[in-house]
Amino acid sequence: MSRTALRICPLCEATCGLTLTIEGTRVTHARGDRDDVFSKGFICPKGASFGAVDADPDRLRAPLVRRDGELREATWEEAFDAVAAGIRPVVERYGPNSVGVVLGNPNVHTMAGALYPAVLLAGLGTRSVFTASTVDQMPKHVSSGLLFGDANAIPVPDLDHTDHLLLIGANPLESNGSLCTAPDFPGKLKALKARGGTLVVIDPRRTRTAKLADRHIAVRPGTDALLLAAMAQVLFDEGLTEPTPHVQGVEEVADALREFTPEAVAAACDVEADVIRALARELAAAPTAAVYGRIGSCTVPHGTLASWLVDVLNILTGNLDRPGGALFPQAATDKTPRPAGPGRGFALGRWHSRVSRHPEAKGELPLSALAEEIDTATEEGEPVRALLAVAANPVLSAPDGDRLDKALESLDFMVSVDPYLNETARHADVVLPPPPPSQSPHHDFAFNTLAVRNQVRYTRPAIPLEPGRMAETEILARLILAVTGMHGADPAAVDQMVIDQTLGKAVEEPHSPVHGRDPRELATQLTGDTGPERRLDMMLRLGPYGDGFGVRPDGLTLEQLLAHPHGIDLGPLRPRLPQPLKTRSGKVELLPQPIADDLPRLRRALEERPDGLVLVGRRHLRSNNSWMHNVPALTGGSNRCTLHIHPEDAERLGVRDGAPVRIKGAGGEVTAPAEVTDEVRRGVVSLPHGWGHSRPGTRLSHAATDPGVNVNQLLDGRLLDPLSGNAVLNGVPVEVAPETASGCASVTEKLTALT
């Protein structure tokens with residue numbers, strides 16, 4: 001007999017509500033939950049394939065421990081014994097920084113990934129921290145930190161109410177949105193146009209989103225910051241500014257951007273000066289407007305400057321923190337709002353990487369530097385000798401995976417928390433597999449801080465934990481104990497420690513609703529069947545909508561949330577300034593010194609012109625990085641690893657549609673089928689990311705049948721945005737040639753090598 005259960009989809013940032021059909025212990029169907037307060041029944045192909053993702057036969061069902069050089073199934077006790085025996089001696093002999101931690105993108109899609117990594121890092125005390133953020137979004141965190149004093153204070157476009165939306169480097173019809181949590185992003189864009197609004201897309205590719213736009217600007221890759229700077233210059237020059245309140249530094253920005261005129265940037269951007277002026281004037285003239293930039297504007301040489309300029313344009317037009325513009329969401333699990341006023345601010349470079357001296361950003365080092373931190377000896381400190389990879393596959397996601405692949409082989413010890421034996425996990429000494437998503441609870445801690453409407457939802461596991469499985473929350477709690485010298489302690493102690501510390505701090509905060517109360521008495525009021533649920537209840541009660549442990553009787557609690565299985569709507573985004581600001585001045589600091597110091601580098605870019613082809617990435621609707629290529633329902637069709645190349649470039653190079661071409665970059669070369677299309681502009685080629693499932697020793701049977709190639713192997717990891725440490729993945733020079741021509745050209749070299 002079948003039954004239904006609700007589940008929030010964890011497969012992308014849209015966080016849509018699902019209704020699952022379950023027979024026995026198997027999900028047989030997934031459809032959109034029409035009563036979900038946020039997604040209202042929307043579903044994409046990934047959500048519709050939830051059952052296939054959940055039941056993938058290649059998912060590991062038990063821990064793996066390396067014995068006699070081979071990974072073999074083991075008990076959970078044996079696995080954690082091995083972790084403690086492998087990690088603790090490294091820490092004790094070489095210090096905490098000799099243990100690296102890599103956190104992958106899937107962490108933000110699970111409750112465990114939200115609740116435990118911070119505790120793990122604090123317990124280890126390591127500064128060797130690397131995450132997916134530095135191949136994706138770190139420029140936005142850094143620019144937000146510098147502007148607003150808080151790296152997580154990221155304003156999002158008010159999609160439901162704006163009159164004018166300008167997207168740069170974003171393709172939400174494929175990605176479903178990123179750093180902007182919005183179920184049915186396509187529907188919201190169509191609704192914008194239906195109410196008479198304007199959609200502008202700036203992208204070197206004519207994406208599905210660009211095809212929907214009223215105006216598409218095919219900018220030269222990597223020149224996003226120049227184009228945005230010229231738009232800001234026009235606003236100043238033509239007296240079109242109406243800055244948001246609580247801002248300082250407007251005149252200084254006007255002076256700093258004075259020479260970035262449309263005429264000065266036009267050749268570098270390959271966008272006519274009149275078009276740039278029109279973009280600025282239309283933005284200023286709109287009743288409400290929002291500028292939104294994403295990965296295409298982050299993964300470029302001036303990613304932090306581009307991210308900063310996105311908010312500069314919103315601020316100069318008065319659209320920051322007003323309905324229809326870009327506003328700061330307020331999640332139910334945010335900390336208790338503090339009174340507006342000066343804060344501690346945001347600092348960069350508090351420490352540096354050991355080899356290349358990259359400055360930290362937001363407590364992280366560039367993922368591009370992981371290989372050299374392992375394989376390069378220096379006089380300063382120990383190399384990374386042990387690694388904890390939590391939901392991470394950096395062999396595919398970081399530049400120069402071949403070098404990292406070899407570096408991982410040299411580690412003293414490695415632990416991977418991953419449901420698959422993938423290209424990175426195959427190097428581990430211990431693999432700890434979490435259960436499938438149907439057997440896990442779900443609440444979106446991170447994505448609700450980026451949601452286009454304030455709401456709160458929670459779903460318990462749709463299916464009971466299968467015998468022999470261990471909840472991901474318990475896996476990470478036990479991992480914390482094993483690597484911090486407390487192996488064998490009750491994993492519930494980790495949650496209790498966090499609760500005690502959080503409540504202990506809350507009662508000391510004058511603005512807290514529990515100020516002056518007994519933290520032990522407060523802890524007795526928490527409800528929930530598990531430690532993670534009790535922590536969620538605590539965060540809800542202390543949060544901006546919470547009951548304050550009885551202070552506001554109608555406020556949020558876990559019990560109230562459980563009584564509303566389709567979620568609770570908390571209303572549209574509302575103006576919040578100056579409360580979110582944590583700068584030392586208590587204002588939006590429009591020209592922070594690190595930004596001012598980086599502008600001369602942008603001025604030099606005015607004279608740069610690529611001689612040959614440059615590479616950009618792309619994302620498919622039916623995938624999320626390297627996660628889902630092992631699911632047959634999400635591969636094939638348009639979801640293919642091909643090189644997009646413009647017809648004129650193809651003809652010039654002798655490239656035929658469907659024929660193999662060799663692509664060469666600073667980090668190596670790969671071969672992929674050509675797809676000749678005018679959806680990419682002249683001078684630009686595009687490969688999707690997340691592919692390259694051809695390495696031995698993995699257990700990804702379906703992905704191996706069509707492995708594709710790893711686009712990041714074309715990069716050597718040396719190109720970084722200096723402020724954020726983010727890898728430069730777009731606008732990098734490459735050489736392209738037909739595979740046959742490349743082979744013929746190398747015959748002489750081969751004969752020379754033989755003799």
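Biologist: Is Arg 357 buried, partly exposed or exposed?
Modeller: Arg 357 counts as partly exposed because its relative accessibility is 39%. Buried means under 20% relative accessible area, exposed means over 50%, and partly exposed is in between, with a 1.4 Å probe and protein chains only. Keep in mind that this is a predicted model, where local features need pLDDT of at least 70, side-chain atom pairs count only at pLDDT 80 or more, and totals for chains, interfaces and linings use all residues. Residues are numbered from 1 along each chain as its sequence is written, and side-chain values use heavy atoms, with hydrogens and water left out.

Biologist: Where is Arg 357?
Modeller: Arg 357 sits in the loop between strand S14 (326-327) and helix H16 (370-375). Helices (H or I, at least four residues) and strands (E, at least two) are DSSP runs, numbered from the N terminus. Arg 357 is not a glycine, yet its phi is positive, about 60 degrees.

Biologist: OK, and what is phi for Phe 549?
Modeller: Phe 549 has a positive phi near 60 degrees, and Phe 549 is not a glycine either. Its place is the loop between helix H22 (531-542) and helix H23 (558-562). With a relative accessible area of 2%, Phe 549 is buried.

Biologist: And which residues does a cis peptide bond join?
Modeller: Leu 577 and Pro 578, with omega at about 5 degrees. Pro 578 belongs to the loop between strand S19 (568-572) and strand S20 (588-589).

Biologist: Which residues of H3 are buried?
Modeller: Among them are Trp 76, Phe 80, Val 83, Ile 87 and Val 91. An α-helix has 3.6 residues a turn, so residues three or four places apart point the same way. Just after H3 comes Gly 95, with a positive phi of about 95 degrees.

Biologist: How many residues of H15 are buried?
Modeller: For H15, 14 of its 14 residues are buried. Just after H15, Gly 318 takes a positive phi of about 75 degrees.

Biologist: What about strands? Where is Val 102, and what does Val 102 touch?
Modeller: Val 102 is in strand S6 (residues 99-103) and counts as buried at 2% relative accessibility. Not counting residues up to four places away in sequence, Val 102 touches several residues, including Phe 130, Leu 367, Leu 388 and Pro 394. A contact means heavy atoms within 4.5 Å. Val 102 and Ala 391 are 289 residues apart in sequence, with their C-alpha atoms 8.3 Å apart in space.

Biologist: And Arg 72, which residues is Arg 72 in contact with?
Modeller: Leaving aside neighbours within four places in sequence, Arg 72 contacts Pro 63, Leu 64, Val 65 and Arg 67. Arg 72 is in strand S5 (residues 70-73) and counts as partly exposed at 35% relative accessibility.

Biologist: One more residue: is Ser 133 buried or exposed?
Modeller: Ser 133 is buried, with a relative accessible area of 13%. The loop between strand S7 (129-131) and helix H6 (138-148) holds Ser 133, and its contacts, leaving aside neighbours within four places in sequence, are Met 138, Glu 364 and Asn 726.

Biologist: Now zoom out. How many helices and strands are in the protein?
Modeller: The protein has 28 helices and 26 strands. Of its 755 residues, 61% count as buried. Among contacts between residues at least 6 apart in sequence, 73% join residues at least 24 apart.

Biologist: What does the C-alpha trace span?
Modeller: About 70 × 70 × 60 Å along its principal axes.
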